[in-house]
Amino acid sequence: MKIYTKTGDKGETGLYSGRRIPKHHPRVEAYGTVDELNAFTGLLKDHLTDRAVVEELVEQQHHLFALGAALADDRPGGLAYELPASAATRLEGAMDRMNESLPAMTHFVLPGGSPAISYAHVCRTVCRRAERRVVELSEGTQVPTTVVVYLNRLSDYFFVLSRHLAAAAGVREIKWIS
């Protein structure tokens, strides 16, 4: 099977329904940004040795892949994939566990300190963009609220993870001082 189909050579792509839309369509922006987040999550994962965190990230990658597919499904009646109701609450539990050993936040924190910490911040910012794109899509298309809630929690998770990685590596957080 050839990977190239040439069907997108004129700036359009196909959805599950078979309908063709421009590659700059809000739906493509939404699932494309989710795909980008998945790739950056893999990059972050590849820089970690903490087995539990790696497993959490793999779980998120599975959710993100399926979520991207769901966002590409424009058929009436629903998405090809439904995010488990527990996805956001599982992230909250992971954040609570990590926060137990972290110092209280007193300032904004600048990204950086190590490649892994920086990649966690890149994931956080790409996740925020994915959330914005999905919210934009939801203005004209029905998108389950669980999707926006999940992306919101996932960006929070990446922030807490960046702090957790800094603490585990003994890296001092860089506080933003105005």
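In the predicted model, helix 2 and helix 5 (residues 145-169) pack with their axes 12 Å apart and at an angle of about 155°. Angles over 145 degrees count as roughly antiparallel, and helix 2 and helix 5 are therefore roughly antiparallel to each other. Their crossing is left-handed. From helix 2, the residues Val53, Glu56, Leu57, Gln60, His63, Leu64 and Leu67 take part in the contact, and they meet Val147, Tyr150, Leu151, Leu154, Tyr157, Phe158, Leu161 and His164 of helix 5. By class, the residues of this contact divide into 11 nonpolar, 3 polar and 1 charged. An α-helix has 3.6 residues a turn, so residues three or four places apart point the same way.

Helix 2 itself comprises residues 51-71, a stretch of 21 residues. From the first C-alpha to the last, helix 2 reaches 30 Å, close to the 30 Å expected at 1.5 Å a residue. The N-terminal end of helix 2 is capped by Asp50, a side-chain oxygen of which lies 3.0 Å from the backbone nitrogen of Ala52.

Helix 5 also packs against helix 4 (residues 115-138), at an angle of about 170° and with the axes 8 Å apart. Helix 4 and helix 5 are therefore roughly antiparallel to each other, and helix 4 passes helix 5 in a left-handed crossing. On the side of helix 4, the contact involves Ala116, Ile117, Ala120, His121, Cys123, Arg124, Cys127, Arg128, Ala130, Glu131, Val134 and Val135. Their counterparts in helix 5 are Val147, Val148, Leu151, Asn152, Leu154, Ser155, Asp156, Phe158, Phe159, Ser162, Leu165 and Ala166. The contact of helix 4 with helix 5 has 16 nonpolar, 4 polar and 4 charged residues.

A further packing partner of helix 4 is helix 1 (residues 26-45). The angle between helix 1 and helix 4 is about 165°, and their axes are 8 Å apart. Helix 1 and helix 4 are therefore roughly antiparallel to each other, with a left-handed crossing. Helix 1 contributes Pro26, Arg27, Glu29, Ala30, Thr33, Val34, Glu36, Leu37, Phe40, Thr41, Leu43 and Leu44 to the contact. Helix 4 contributes Ala116, Tyr119, Ala120, Val122, Cys123, Val126, Cys127, Arg129, Ala130, Arg133, Val134 and Leu137. Here the division by class is 17 nonpolar, 2 polar and 5 charged residues.

These helix pairs belong to a protein with 5 helices and 4 strands. From the N terminus on, its elements follow the order β-β-α-α-α-β-α-α-β. Taken along the principal axes, the C-alpha atoms of the protein fill a box of roughly 50 × 35 × 30 Å.

Definitions and conventions. Residues are numbered from 1 along each chain as its sequence is written. This is a predicted model: local features need pLDDT of at least 70, side-chain atom pairs count only at pLDDT 80 or more; totals for chains, interfaces and linings use all residues. Side-chain values use heavy atoms; hydrogens and water are left out. Helices (H or I, at least four residues) and strands (E, at least two) are DSSP runs, numbered from the N terminus. The expected span of a helix is 1.5 Å times one less than its number of residues. A polar contact is a pair of N or O atoms within 3.5 Å; within protein, one must be able to donate a hydrogen and the other to accept it, and residues adjacent in sequence count only if both atoms are side-chain atoms. Axes are lines fitted to C-alpha atoms, for helices over the stretch in contact, and angles run from 0 to 180 degrees between N-to-C directions. Angles under 35 degrees count as roughly parallel, over 145 as roughly antiparallel, 65 to 115 as roughly perpendicular and the rest as oblique. A crossing is left-handed if the near helix is turned anticlockwise from the far one by less than a right angle, and right-handed if clockwise. Contact means heavy atoms within 4.5 Å. Ala, Val, Leu, Ile, Met, Phe, Trp, Tyr, Cys and Pro count as nonpolar, Asp, Glu, Lys and Arg as charged, and the others, Gly among them, as polar.
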